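Subject: Structure for you to look at

Hello,

Here is the structure I said I would pass on. Please open it beside this email and follow the notes below.

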Amino acid sequence: PHELLLTAEKAWATELGEAVKSCSQSCSDEMMLWLSMAAGRRRDAKHFWAPYLQSLPETASIPTTWPASFLAEQLAGTNLLALALAERQQISREFEPLAQELQQHDLHFELDEVLWAVSMFRSRAFTTRVLAGDECPLPSSVGCMVPLLDLFNHKHDGFHISRWLSD
């Protein structure tokens, strides 16, 4: 059911989303979703997806979230080093001014929390087109998190074939 999907649109419709809208800094749909995921992960017991977010691993191994020294050591001489550093810098550039403004609303976020959300999103999210086909009734422009279905987004020793039909 669509009501169980964690989307940017649902994140914008929360108290946190309203606080972010009141800030003068712009915020992308992705950043709003990541902030919502971070809030549900650590502190907002009323967050609809808190149990799901709290069940996710502490880390996902995507280069954007690796420490800079580890990146430099492991990816030296590759194009991936520059891409990972650029993406991390882009996330930080959007996050830092927004985080300062959110502090005025007594909302405190750390970059590491957002990077956790980025890693979970990038490793587990589905595009709405994958879920609903070409004539997608879902508005999300950035994709969505699907509790439990995201487990199929990871390769294990078995072979999985799934087909999802909507009413």
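Arg88 is found in helix 6. The model is a predicted one. Leaving aside residues up to four places away in sequence, Arg88 touches Thr64, Thr65, Trp66 and Leu115. Take Trp66 from that list: Arg88 and Trp66 are 22 residues apart in sequence, and their C-alpha atoms are 9.4 Å apart in space.

Helix 6 covers residues 79-103, and helix 5 covers residues 68-75. The two pack at an angle of about 160°, with 9 Å between their axes. Angles over 145 degrees count as roughly antiparallel, so helix 5 is roughly antiparallel to helix 6. Their crossing is right-handed. Which residues make the contact? From helix 5 they are Leu71, Ala72 and Leu75, and from helix 6 they are Leu80, Leu81, Ala84 and Leu85. Sorted by class, this contact of helix 5 with helix 6 has seven nonpolar residues, no polar ones and no charged ones.

Helix 6 also packs with helix 7, which runs over residues 111-124. Here the angle is about 125° and the axes are 11 Å apart. That angle makes helix 6 oblique to helix 7. Helix 6 passes helix 7 in a right-handed crossing. On the helix 6 side, the residues that meet helix 7 are Glu87, Arg88, Ile91, Ser92, Phe95 and Glu96. Helix 7 brings Leu111, Val114, Leu115, Val118 and Arg122 to the contact. By class, the contact of helix 6 with helix 7 has six nonpolar residues, one polar residue and four charged residues.

Helix 7 has a contact with helix 3 as well. How are helix 3 and helix 7 placed relative to each other? Their axes are 8 Å apart and the angle is about 105°. Angles of 65 to 115 degrees count as roughly perpendicular, and helix 3 and helix 7 are therefore roughly perpendicular to each other. Helix 3 contributes Glu30, Met31, Leu33, Trp34, Leu35, Met37, Ala38, Arg41 and Arg42 to this contact. They meet Glu113, Val114, Trp116, Ala117, Val118, Met120, Phe121 and Arg122 in helix 7. The classes for the contact of helix 3 with helix 7 are twelve nonpolar, no polar and five charged residues.

Which helices each supply at least two residues of the lining? They are helix 2, residues 15-21, and helix 3, residues 29-42. Helix 2 gives the most to the lining of this pocket, with three residues. By class, the lining of the second largest pocket has six nonpolar, three polar and five charged residues.

Regards

Notes: Residues numbered from 1 in each chain as written. Predicted model: local features only at pLDDT ≥ 70, side-chain atom pairs only at ≥ 80, totals over all residues. Heavy atoms only, no water. Helix = DSSP H or I, 4+ residues; strand = E, 2+ residues; numbered from the N terminus. Nonpolar A, V, L, I, M, F, W, Y, C, P; charged D, E, K, R; others polar. Axes fitted to C-alpha atoms, helices over the stretch in contact; angles between N-to-C directions. Parallel < 35°, antiparallel > 145°, perpendicular 65-115°, else oblique. Left-handed = near helix turned anticlockwise from the far one by under 90°. Contact = heavy atoms within 4.5 Å.
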